[in-house]
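The following exercises are to be worked with the sequence and the model at hand. Each task is followed by a solution in steps.

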Amino acid sequence: MATALARGGCWTSSGCRIWNIADRPLHPKAREAPCFSPTRVEEITRQSDDTRRVIGEFILRERTHLSDYTIADIAQETFVSKASVTRFAKSLGYEGWRGFIRDFMAEVHYEANYGAAIDPNFPFHANDSDEKVVNAVADVAYDAMADTLRLLNRGALALAAR
């Protein structure tokens, strides 16, 4: 279930967005939306001691160029099978690698091009004026609302409203 409204959308307790940004149907066996959060990839990488760690480290290291690699390239670079790469994507709720890489690269692109100029966790400093504090908080709130509108799956919202 959703636990918080965070920058970029509504997130579940496992760190995954509830809606899918491209209006694609979810994997029928998935309990929640596929997770393309780089934070979730980092979490799996830290917690795993198997092929998921190696694949996750590669994904995070090559995140900006990941779309240049085929599944066979990634398997070869990480010394795992293509099936292991696919299982990594499935562990995040995807049917396969293509869906994961599409959403992951969209998130990387978003972070690179539309990331907030202000750190939402620390939008101001202790010695900032009152006006600067108010403006920084307003900017963070505006950015969060704009991101939510951009990512909103209107079809899912209409379905939920019924």
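**Exercise 1. Confidence and overall architecture**

What is the mean pLDDT of the chain, and what percentage of its residues reach 70 or more?

*Solution.* Step 1: the model is predicted, and the mean pLDDT of its chain is 76, with 74% of the residues at 70 or more.

Step 1: among the elements, strand 1 (residues 2-6) has the lowest mean pLDDT, 35, while helix 3 has the highest, 96. Over residues 1-32 the pLDDT is below 50, although this stretch has 76 contacts in the model beyond near neighbours in sequence. Where pLDDT is low, the predicted coordinates should not be read in detail.

Step 2: the chain contains seven helices and two strands, arranged along the sequence as β-β-α-α-α-α-α-α-α.

Step 3: of the 162 residues in the chain, 35% are buried. Among contacts between residues at least 6 apart in sequence, 49% join residues at least 24 apart.

**Exercise 2. The largest nonpolar core**

Identify the elements that build the largest nonpolar core, and examine the surroundings of Phe 88.

*Solution.* Step 1: this core comprises 20 residues, and those with the most contacts inside it are Ile 59, Leu 66, Phe 88, Trp 97, Phe 100 and Phe 104.

Step 1: two or more residues come from each of helix 1 (38-47), helix 2 (51-61), helix 3 (71-78), helix 4 (82-90) and helix 5 (97-114). Helix 5 contributes the most, namely six residues.

Step 2: leaving aside residues up to four places away in sequence, Phe 88 touches Val 41, Ile 44, Arg 52, Ile 55, Gly 56, Ile 59 and Phe 100.

**Exercise 3. Aromatic pairs**

How many aromatic pairs are there? Classify two of them and state which parts of the chain they join.

*Solution.* Step 1: the count is five aromatic pairs. One of them, Phe 58 with Tyr 69, is edge-to-face, with 5.0 Å centre to centre and 80 degrees between the planes.

Step 1: because Phe 58 lies in helix 2 and Tyr 69 in the loop between helix 2 and helix 3, this pair ties together parts 11 residues apart in sequence. Phe 58 is buried, at 2% relative accessible area, whereas Tyr 69, at 24%, is partly exposed.

Step 2: the ring centres of Phe 88 and Phe 100 are 6.0 Å apart and their planes stand at 80 degrees, so this pair is edge-to-face. Phe 88 lies in helix 4 and Phe 100 in helix 5, so the pair ties together parts 12 residues apart in sequence. Both Phe 88 and Phe 100 are buried.

Step 3: Phe 88 and Phe 100 also belong to one aromatic cluster with Tyr 94, Trp 97 and Phe 104.

Methods. Residues numbered from 1 in each chain as written. Predicted model: local features only at pLDDT ≥ 70, side-chain atom pairs only at ≥ 80, totals over all residues. Heavy atoms only, no water. Core = buried A, V, L, I, M, F, W, Y, C linked by side-chain atoms within 4.5 Å. Buried < 20%, exposed > 50% of the residue type's maximum accessible area, 1.4 Å probe, protein only. Helix = DSSP H or I, 4+ residues; strand = E, 2+ residues; numbered from the N terminus. Contact = heavy atoms within 4.5 Å. Phe/Tyr/Trp six-rings, centres within 6.5 Å; stacked < 30°, edge-to-face > 60°. pLDDT = per-residue confidence, 0-100.
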